[in-house]
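Thanks, everyone. Please bring up the model, and we'll walk through some of its packing.

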Amino acid sequence: MNVRRLIPAAALAGAVTLGATALTACSGASAAGGGKDGKLDVMSSFYPMQFLAEQIGKDHVKVATLTKPGVEPHDLEITPKQTGQLGESDVVLYLKGLQPAVDKAVAQSGVKHVVDAAKLTRLEVHGSSGHDHAHEGEEGHAEGEEGHDHGHGEAGEDPHVWLDPVKYAEVAKGVGATLEKADPEHAADYRKNTDDLVGKLAALDAEFKDGLKNTASKTFITTHSAFGYLAERYGLDQEGISGVDPESEPSPARMKELQAVAKKDNVSTVFFESLASDKTAKTLAADTGLKTDVLDPLEGITDKSQGADYFEVMRSNLKNLQKALGSK
């Protein structure tokens, strides 16, 4: 017997209305911008933040991104329409210091639930080598700041934390906690999805550790100095042709320096990325008799990417590094 048939229609309608009101009050899913389909509207600044939102939010979220596939995130300009969408979101995920246009739009948006990935893990200053200029300890951002004009943020910190699976897991936990707050009704799901993702990132970290333990060389040359955290995590040395900004042109002196490094450190390969020009990498490779290959900073996924998502591309990066460094 269906018990509901015994409830008068008017009372049932009132209960439904009351339930909907309660749901709106306790769940961000029906806040500004959300609620059309009962999903939480999440705006991400670029792919690594989008990926976290999708993996942790799954069916409970609708994720949009400000940086379209194939666009270099560092150069992003935001349209008025995107600014409007940002303001209507329930949750915004971004990394302060990477995209000045996004920083400005987020500051003016008035969105209640905002995640700044830069606050969820410690940023460091990286020079051309992964071991150089890293800050030991939490304080002392003034130390080692000079001479790193390719960095981002006030202290010239390197924003590319997602290329270190351990740091990316710290960011994932912060994203999960914010989604729980914004949509408490599905908190248990967000917690479970966060734990699953953190577990997968721990497994990826173990693969990198193991895969890069014994290599003929520890030095790699790349057009985009995005791999400082990765280099530091796995005992490698990154030598960047340009700085953290992939479009900056290297000086002839820097090119000469890199030729010497290649000889001294048994370097076989110059890495370039799919979103920026490979011209500089090819010039250096031709001058030094080196090969070229892709090391993807994972700022966006396109049909040129060596994989369909973060994990696939990171594993391609690992294979390419093993090949270039002479993994034993």
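**Helix packing, a sheet and some aromatic rings**

Let's start with two helices. The axes of helix α2 (residues 47-57) and helix α6 (residues 187-211) come within 8 Å and cross at roughly 125 degrees. So α2 is oblique to α6. Angles under 35 degrees count as roughly parallel, over 145 as roughly antiparallel, 65 to 115 as roughly perpendicular, and the rest as oblique. Axes are lines fitted to C-alpha atoms, for helices over the stretch in contact, with angles from 0 to 180 degrees between N-to-C directions. Helices (H or I, at least four residues) and strands (E, at least two) are DSSP runs, numbered from the N terminus.

A word on sources. This is a predicted model: local features need pLDDT of at least 70, side-chain atom pairs count only at pLDDT 80 or more, and totals for chains, interfaces and linings use all residues. Residues are numbered from 1 along each chain as its sequence is written, and side-chain values use heavy atoms, leaving out hydrogens and water.

Back to the helix pair. Phe-51, Leu-52, Gln-55, Ile-56 and Gly-57 of α2 meet Tyr-190, Asn-193, Thr-194, Leu-197 and Lys-200 of α6. Contact here means heavy atoms within 4.5 Å.

Now the sheet. It is open, with four strands in the order β6-β5-β7-β8 and parallel pairing. Strands pair if DSSP finds at least two bridges between them. At the edges sit β6 (237-240) and β8 (291-294), each pairing on one side only. Strand β7 (residues 269-272) pairs with β8 over four bridges. Val-270 has Thr-292 in β8 as its bridge partner. Helix α8 (residues 252-264) packs on this sheet, touching β5 (219-222) and β6; its direction makes about 150 degrees with that of β6. Helix α9 (residues 279-288) lies across β5, β7 and β8, at about 175 degrees to β7.

Last, the aromatics. The whole structure holds nine aromatic pairs. Phe-46 and Trp-162 form an edge-to-face pair, 5.0 Å centre to centre, with 80 degrees between the planes. Rings of Phe, Tyr and Trp (its six-membered ring) pair if their centres lie within 6.5 Å; planes under 30 degrees apart count as stacked, over 60 as edge-to-face, the rest as tilted. These two residues are 116 apart in the chain. Are they buried or exposed? Phe-46 is buried, at 0% relative accessibility. Trp-162 is buried too, at 1%. Buried means under 20% relative accessible area, exposed over 50%, partly exposed in between (1.4 Å probe, protein chains only).
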